[in-house]
Amino acid sequence: MRIVVLAGGIGGARFLRGLKQVTAPGSDPGRETGAESPDEITVIGNTGDDIRLFGLQVCPDLDTVMYTLGGGIDEEQGWGRADERFTLRDELAEYGVGPAWFGLGDRDFATHIVRTQMLDAGYRLSAVTEALCARWRPGVRLIPMSDDRVETHVVISDESGRRAIHFQEWWVRLRAGVPAEAITAVGAEDAKPAPGVLEAIEAADVVLLPPSNPVVSVGTILAIPGIRSAIAAKTVVGVSPIIGGAPVRGMADACLTAIGVETSAQAVAAHYGPDLLDGWLVDTADAGVAVDGIEVRSRPLLMADPDSTAAIAKAALDLALELQ
């Protein structure tokens with residue numbers, strides 16, 4: 001079976017780890033595909049969060065997926081490298097080189113140096129990502145949504161007036177504390193899907209949307225021309241990132257407010273729409289939610305540990321297979 005997953009950062013990466021567990025050979029004898037045709041997982045990663053820092057190209061969501069599935073993630077915070085040191089960051093600060101609000105660890109710096117050298121040598125981001133994954137062996141095919149430059153910008157008003165800033169500055173430095181008046185994926189409308197993206201979707205048996213941010217993660221991927229229409233032709237099941245009116249993690253509510261969508265499992269499903277979603281998993285706290293044209297099921301959605309995460313992934317996959 002071929003599975004395509006659209007993923008942002010922490011939520012998407014942890015969901016993928018659970019999905020790998022339930023699709024591993026022998027994990028479900030009733031759905032065993034045989035050694036000659038194992039399940040294939042292709043991950044289309046968000047690159048709207050990408051940013052140039054210290055002269056280096058940083059791809060937070062791609063790296064979070066790669067590190068998580070490759071065993072190198074800082075499990076407590078969900079991003080960055082495990083056993084990290086910050087010698088280089090501290091030395092740069094001594095020189096007054098910023099931004100001080102975005103801290104990269106020494107091990108993480110190495111990834112960005114390699115990526116930037118390859119990009120500067122003329123390699124496309126999709127080829128660079130494949131090369132980086134050759135070290136980490138995430139067990140999935142990880143493809144950026146586009147090789148073209150797409151950056152998520154946020155319009156805010158503060159003491160400096162009304163202005164647009166990079167999403168990372170709003171998210172990391174300001175902690176989304178200043179209300180977003182608009183969120184825009186700059187360059188998305190002119191971008192093309194990266195090589196392999198549309199082919200993977202076309203070949204997919206099911207498409208899964210993990211509990212990633214529906215605005216700046218999954219929403220940005222869907223903004224690339226051709227991707228949404230290709231996915232809409234498939235059986236698609238999503239997992240709600242909202243439980244009982246609050247984000248499972250992060251500040252998705254601030255993003256939803258910026259685009260005029262209520263912070264609820266029902267509203268997010270309606271935002272995706274029945275033209276895209278066939279099925280929608282909500283938490284038991286939201287049992288009873290109904291959305292016209294979408295099959296809604298409820299179950300516990302907190303990814304508290306590997307087993308509970310795997311159970312969520314299995315429920316999403318089972319619903320997709322049922323709806324095929």
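Are Phe167 and Trp170 buried or exposed? Both Phe167 and Trp170 are buried, where buried stands for a relative accessible area under 20%, exposed for over 50%, and partly exposed for values in between, with a 1.4 Å probe and protein chains only.

1. Basis of the note. The model is a predicted one, in which local features need pLDDT of at least 70 and side-chain atom pairs count only at pLDDT 80 or more, while totals for chains, interfaces and linings use all residues. Residues are numbered from 1 along each chain as its sequence is written, and side-chain values use heavy atoms, with hydrogens and water left out.

2. Overall form. The protein contains twelve helices and 14 strands, which are DSSP runs numbered from the N terminus (helices H or I with at least four residues, strands E with at least two). For 324 residues a compact globule would have a radius of gyration near 20 Å, and the 19 Å of the protein agrees with that; the radius is taken over C-alpha atoms, and the globule rule is 2.2 Å times the number of residues to the power 0.38. The C-alpha trace spans about 60 × 45 × 35 Å along its principal axes.

3. Of the 324 residues, 52% are buried. Among contacts with a separation of 6 or more, 69% come from residues 24 or more positions apart, a contact being heavy atoms within 4.5 Å.

4. Seven aromatic pairs are present in the structure; rings of Phe, Tyr and Trp (its six-membered ring) pair if their centres lie within 6.5 Å, and planes under 30 degrees apart count as stacked, over 60 as edge-to-face and the rest as tilted. One of them, Trp101 with Phe102, is edge-to-face, at 5.8 Å centre to centre and 75° between the planes; Trp101 is partly exposed at 26% relative accessibility, whereas Phe102 is buried at 11%. Phe167 and Trp170 make a tilted pair, at 6.1 Å centre to centre with 50° between the planes. These two residues are three apart in helix α6 (residues 167-173), and so about one helical turn separates them. Phe167 and Trp170 also belong, with Trp171, to one aromatic cluster.

5. Glu169 and Arg173 meet through their side chains in a salt bridge of 2.9 Å, N to O, the term being used for a side-chain nitrogen of Lys or Arg within 4 Å of a carboxyl oxygen of Asp or Glu. Glu169 and Arg173 are four residues apart in the helix, about one helical turn; Glu169 is buried at 19% relative accessible area, while Arg173 is partly exposed at 36%.

6. Salt bridges between separate elements. The count of salt bridges comes to 14. Among them, Arg2 pairs with Glu40, with the closest N and O atoms 3.7 Å apart; Arg2 lies in strand β1 (residues 2-7) and Glu40 in strand β2 (residues 40-45), so the pair ties together parts 38 residues apart in sequence. Glu181 and Arg162 form another, with closest N and O atoms 2.6 Å apart, and this pair links the loop between α6 and β8 (182-186) to strand β7 (residues 161-166). Glu181 is partly exposed at 37% relative accessibility, but Arg162 is exposed at 62%.

7. Helix α11. The buried residues of helix α11 (residues 265-272) are Ala265, Ala267, Val268, Ala269 and Tyr272. Their cover includes β9 (206-209), α8 (218-222) and α10 (252-258), and after the helix comes Gly273, with a positive phi near 90°.
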